[in-house]
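Hello,

Here is the structure for you to look at. My notes on what was found in it follow below.

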Amino acid sequence: MARRMGLGRGLAALLPEPLEHEAGNNATPVSSNDVNEFGAALVDELATQESGLAVVYQALDRLVERFDLHDAAIVVDEPGLGRQVFCAGRRPLDEDDELLFTLEPGVYTDPPLETDEIDASMLMNLCAVALRLDLLRYDAWHDPLTALYDRRSFDRLLERAVSQSRRYDWNFTLVMLDLDNFKELNDREGHAAGDAFLRSLAERFQRALRFGDTAARIGGDEFALILPDTEPDSLPKLIERIVGEPAQVTVSYGFAVCPSEADEVDRLFKLADERLYDAKGARA
Amino acid sequence: MSTLDDLELELRKLPGVRSAGFTERDDMLFVQVHAAPSGPGSGLALQATRLASRHTQQPVAVELVRWHHATPPAAPTPNGDSQEDTVEEPDTESPITDVAAPDLDDDDLPALVDVGDRDAEDVETVDRETAKVDTRVVDTEDVDAAVDLTSEAPAERDTRVKLLAVLSFPDTDEIEVHVILAGQRTIGRAVGSRGLIAAVDATIDALRAFLPGLVFSPAWAREVDAAEEVGRVVAVGLTDGRAPRHGIAAGDTDMEAAARATLDALNRTLALALSAATP
């Protein structure tokens, strides 16, 4: 218990014995109507909000507000998630908080709350579920090999970009890239080498692109970019930076500028695709 | 999801990361990442910095806090055994490890600042590893009066080239210098093993995105003795074959100071050239 008392600014564990978290135990003990309402509201939000993390921080903020606390934190430790710590306000920890990390999973508040005021186990379960939901959403949106956006999410992002272009008169360039001799690399050096190349290429995308740019892997060896406020003249240098010199694999690309060349998703794709295959033909 | 939610999720997916905190400091996003102890070669601070810089246009400072167990604290599990997190953790401690992360060395990271064992008994110790390599925006020269790039949009006028980041990649022997001018970010690269000259080269490479005709190259670069509290101070000499340019600046590392010194040497030249090129 001494560790609990050592928490910064008197942060102390809530509900020490009954609410020690049991990994894998989905039961959510409920101790009062208040707890029911509080928990039900959080579950509703978890079901409707796009971000589970946001719900976790809302729960912490509500806890702080409702009980007029100085601070609150939740520590969970579950298979597949590891030990994860959430602090109210998403704030950085100062040195006074460091002992938080020596403690077992639990809900910590400053000042400590009475045991029947809130269900810590429910909050910890909520955190774990929220994080799992976010991870599932992340996986659903991203290509597992490269961690870039996948085709489905890219289509949505492109639709959004076109819509914003119309509404705000923004311009962007859609770029479609195709690796010219990727199959030869796979055949020559094996699929592991091919995968490693794709991962390194994705890493180069991430390093070369600016804040606000979007990169996606839309096929086996096909990538697409959404580049706001980018003139086609600057594309060769960008592509060179991404692919590097000397390159194991060469890249062909096509582009279309929205809205000056096309202002619909299908037409943008078609134009960029035509230019891509012209470029591939020229290279061949 | 908001950008901050995305960033936090991606940070928590990095191996061993337990928590992420955020706050604004002086127009800079301060990101604090807490992680389990790590073996050599993890490059976690660099990975976190890269992630953070992709999610915000602000300058970013990443502080990595690593936790070491002095004594494994007992914690209950469903079976009543000690939890896995209470023993010395391997590098890939966190099961949330499926984010694509570069294989990087720690060589390019600043030295650890050990804030020491706190209450050594039954607690963890913490190393605070502050990745300030890519932190503060640098105001090099006052060129506001000299350049007018955006006369149609005076509210967005920003004519100073600012240093965003200096990153080293020992695995590829590469150094990157990230700069920004009027909202446009560019990255310059050079062979890292060339030392201070590499930082100068990479900075010039980055500046060429704004001024492709920039012909300056490094003549020399050397560290200057300075008081400890100033940090590292580097002076550089640049040449275009005609008039030399000199710059001097301080930074948290030699490479950062060299990049800043290069901007110090060239910012006025760049401002005048851009001004002349702008109708």
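**Two packed helices**

In chain A, the axes of helix H3 (residues 52–66) and helix H4 (residues 120–141) come within 7 Å and cross at roughly 160°. Axes are lines fitted to C-alpha atoms, for helices over the stretch in contact, and angles run from 0 to 180 degrees between N-to-C directions. Helices (H or I, at least four residues) and strands (E, at least two) are DSSP runs, numbered from the N terminus. H3(A) and H4(A) are therefore roughly antiparallel to each other, a label for angles over 145 degrees.

Which residues of H3(A) meet H4(A)? They are A:Gly52, A:Leu53, A:Val55, A:Val56 and A:Ala59. Their partners in H4(A) include A:Leu123, A:Ala130 and A:Asp134. Contact here means C-beta atoms, placed from the backbone, within 7 Å.

**The model**

This is a predicted model: local features need pLDDT of at least 70, side-chain atom pairs count only at pLDDT 80 or more, and totals for chains, interfaces and linings use all residues. Residues are numbered from 1 along each chain as its sequence is written, while chains are lettered from A and ligands numbered from 1 in the order in which they are written.

**The rest of chain A**

Chain A has 9 helices and 8 strands. An open sheet of 4 strands has the order S6-S7-S5-S8, with antiparallel pairing. Strands pair if DSSP finds at least two bridges between them. The edge strands are S6 (214–217) and S8 (251–258). The twist averages 15° from one strand to the next. S6(A) pairs with S7(A) (residues 222–228) over 4 bridges. Helix H9 (residues 265–283) lies across S5 (172–179) and S8 of chain A.

Best wishes

Terms used
Angles under 35 degrees count as roughly parallel, over 145 as roughly antiparallel, 65 to 115 as roughly perpendicular and the rest as oblique. Two residues are in contact if their C-beta atoms, placed from the backbone, lie within 7 Å.
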